[in-house]
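Q: Please take a close look at one part of this model with me. I'd like the cut-offs spelled out as you go.

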Amino acid sequence: MAEQFYFNGNAALGNALEKCLVEVGFSRTSTLADADYVFSYHPLLSQLEDAYFDAKGYLAQAKKGACLIDLSPATPELVREISAISSTSGLFYVEAPLSVADTTLDDAFSQQSNLSCCVAGDKPDIAKAQKILQDFVGTIRVTGEPGSAQLAHAAWTLQHTAQLFAAIEAEALYRAFLRIPTTAAAASAAGASPAGDAEAAIAQAVAQKHFAGTYTVEMFMADLSAALTAAEEADLSLPQAEACMNLLELLAIIGGSDLSPVSLALIYDEEEAAATCGLDWSRTQEYTQELGAHEHEHHHGGAAGEGSAEGDADSNDGTL
């Protein structure tokens, strides 16, 4: 009987994973308790915690001897905790945060050569996970003890983020100069050449206004958020990464969560260009108003809230 795998998370990622694994003899199950391998991808750390630690989560529902393979970005501290509980629950567990090389592709998960991951965990766990991961991911790098793969992925994310933003801003600069009616400006922009293959792919996607893809802004934000959280846990400030996250959050607010990260170029373009792609800058005003109203309510309701809490405490003391 074919070994079964279960997947929970991003649909496009799950479909690509299923296609690869079914081709080599595995079968997909919708029942967590039946799975020999449990794959997961959750963009938010809170979602990941719930998925593993809830009463109906992976740690509680997976059968003994199952291998849990998490493709999500996370923090070293969180995955070390998951790893410790897994080992005492008769489960195999590895962290295998997924990295995408070319985020401009229509389906970034369909080509093994475009995917890589660092893998960490106990040695028996890594050996078991590698046997199935190699059928989906082009490059696997074993980093060792629990937490090390997430740390390596965070470092990769910071470098990848800087590269993407630099390429987009360089392209925006040349595009801006083309609007200046001088021969020198046009000649300068026309003579520009991307620094490398990745930058060339980004420039081409922007030029073709190709802002769709299965690797989305939401997933990019998940990678960067995990890296920033890891840095925060280490009492480290990363101003460049934080500035990049602010722009990603802005893009998400105006409706770009499901677009490719290359759509960041629209933030530097005319408002009409963003509108053509379904983005709405007026949402920033609505968001600011809602945020201001929330802060106003919190500020003026603080005293009442504190009094209520004290009242509850007194009531509890009396009851007990």
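Predicted model: local features only at pLDDT ≥ 70, side-chain atom pairs only at ≥ 80, totals over all residues.

A: Helices here are DSSP runs of H or I with at least four residues, strands are E runs of at least two, and both are numbered from the N terminus. Residues are numbered from 1 along each chain as its sequence is written, and side-chain values use heavy atoms, with hydrogens and water left out.

Leucine 173 has a relative accessible area of 48%, so it counts as partly exposed (buried is under 20%, exposed over 50%, partly exposed in between, with a 1.4 Å probe and protein chains only). Together with Phe177 and Ile180, Leu173 makes a nonpolar surface patch with about 260 Å² of accessible area (Shrake-Rupley, 1.4 Å probe; patch members have over 30% relative accessible area and no salt bridge, nonpolar side chains being joined within 5 Å and like charges within 9 Å).

Helix 6 has a charged side to its story too. Its arginine 175 forms a salt bridge with aspartate 269, at 3.2 Å from N to O (the cut-off is 4 Å between a Lys or Arg side-chain nitrogen and an Asp or Glu carboxyl oxygen). Aspartate 269 sits in the loop between helix 10 and helix 11 (271-276), so this pair links parts of the chain 94 residues apart. Shared partners extend the pairing into one network of Glu171, Arg175 and Asp269. The structure as a whole holds four salt bridges.

Now for a neighbour: helix 6 (148-178) is one of the elements that the buried residues of helix 9 pack against, along with helix 4 (76-88), strand 6 (98-100) and helix 10 (239-253) (contact means heavy atoms within 4.5 Å). Helix 9 is mostly covered, with 12 of its 17 residues buried; among them are Val217, Phe220, Leu224 and Leu228.

The largest nonpolar core has 62 residues, and Phe39, Ile69, Leu71, Phe109, Leu133, Phe136 and Leu264 touch the most other members. Helix 9 (residues 217-233) supplies the largest share of this core, eight residues (a core joins buried Ala, Val, Leu, Ile, Met, Phe, Trp, Tyr and Cys through side-chain atoms within 4.5 Å).
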